[in-house]
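Please read this short report with the sequence and the model side by side. It moves from the whole chain to single residues.

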Amino acid sequence: MKKFFIILAAVCVAYTASVAHAAVFFGARGGFEKYKVENSSLGLDNGKTDFMAGGFLGYHSGFFRLEAEYLYHPKRRFKGIYRGEAQTVMGNLYFSPAVKSILHPYIMGGAGVAFHSLDVG
């Protein structure tokens, strides 16, 4: 997976050099998430707040933006013996027409995959 992102970045940089008004961009994302458990048999604290963190790499040319995103959701404890975590990978495509205003509308679509793990013990 790491090789894929390195190759994607190299291709974007190489292509950016040949296209006017094109750019590679990257950044960090993160925040806090609060979850509520409907079934308390898992022993999770209802209303617990956790963090998520990750980053993104993208390419912008003309009206289109292509973006790859990774987010990490940390391990959580269930009844003190189970630990679970998640990692998500997304690919997004944006279309944002050139509108000269304070607001910049866009249309976005994407697909992704989540990797969950659960440790017992």
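Predicted model: local features only at pLDDT ≥ 70, side-chain atom pairs only at ≥ 80, totals over all residues.

Residues are numbered from 1 along each chain as its sequence is written, and side-chain values use heavy atoms, with hydrogens and water left out.

## The chain as a whole

The chain holds one helix and five strands. Their order from the N terminus is α-β-β-β-β-β. Helices (H or I, at least four residues) and strands (E, at least two) are DSSP runs, numbered from the N terminus.

The chain has 121 residues, and 22% of them count as buried. Buried means under 20% relative accessible area, exposed means over 50%, and partly exposed lies in between (1.4 Å probe, protein chains only). The accessible surface comes to about 8,600 Å². Carbon and sulfur atoms hold 66% of that surface. These areas come from the Shrake-Rupley method with a 1.4 Å probe; for residues, only the protein chains shown count as cover.

Contact means heavy atoms within 4.5 Å. Among contacts with a separation of 6 or more, 48% join residues 24 or more positions apart.

A salt bridge is a side-chain nitrogen of Lys or Arg within 4 Å of a carboxyl oxygen of Asp or Glu. The count by this rule is two. Here they are:

| Pair | N to O distance |
|---|---|
| Arg29 and Glu67 | 3.1 Å |
| Arg29 and Glu69 | 2.5 Å |

Shared partners join Arg29, Glu67 and Glu69 into one network. Arg29 lies in strand β1 (residues 22–34) and Glu67 in strand β3, so their pair ties together parts 38 residues apart in sequence. Strand β3 covers residues 64–78.

Glu67 is buried at 5%, and Glu69 is buried at 13%.

Glu67 also touches residues beyond its sequence neighbours within four places, including Phe25, Phe56, Met90 and Tyr94. Arg29 lies over the face of Phe56, 4.1 Å from the ring centre. A charge sits over a ring if NZ of Lys or CZ of Arg is within 6 Å of the ring centre and within 35 degrees of the ring normal. The charged end of Arg65 does likewise over Tyr94, 4.0 Å from the centre of the ring.

## Aromatic rings

Rings of Phe, Tyr and Trp (its six-membered ring) pair if their centres lie within 6.5 Å; planes under 30 degrees apart count as stacked, over 60 as edge-to-face and the rest as tilted. Four aromatic pairs are counted by this rule. One of them is tilted: Phe64 and Phe95, with centres 5.3 Å apart and 50° between the planes. Phe64 lies in strand β3 and Phe95 in strand β4 (residues 82–95), so the pair ties together parts 31 residues apart in sequence. Phe64 is partly exposed at 45% relative accessible area. Phe95 is partly exposed too, at 29%. Phe63, Phe64 and Phe95 form one aromatic cluster.

## Two more residues

His73 is in strand β3. This residue is buried, with a relative accessible area of 13%. Its contacts beyond four places in sequence include Glu33, Phe51 and Thr88.

Ala98 is in the loop between β4 and β5 (107–120). Ala98 is exposed, at 66% relative accessibility. Ala98 and Gly62 are 36 residues apart in sequence, with 8.7 Å from C-alpha to C-alpha.
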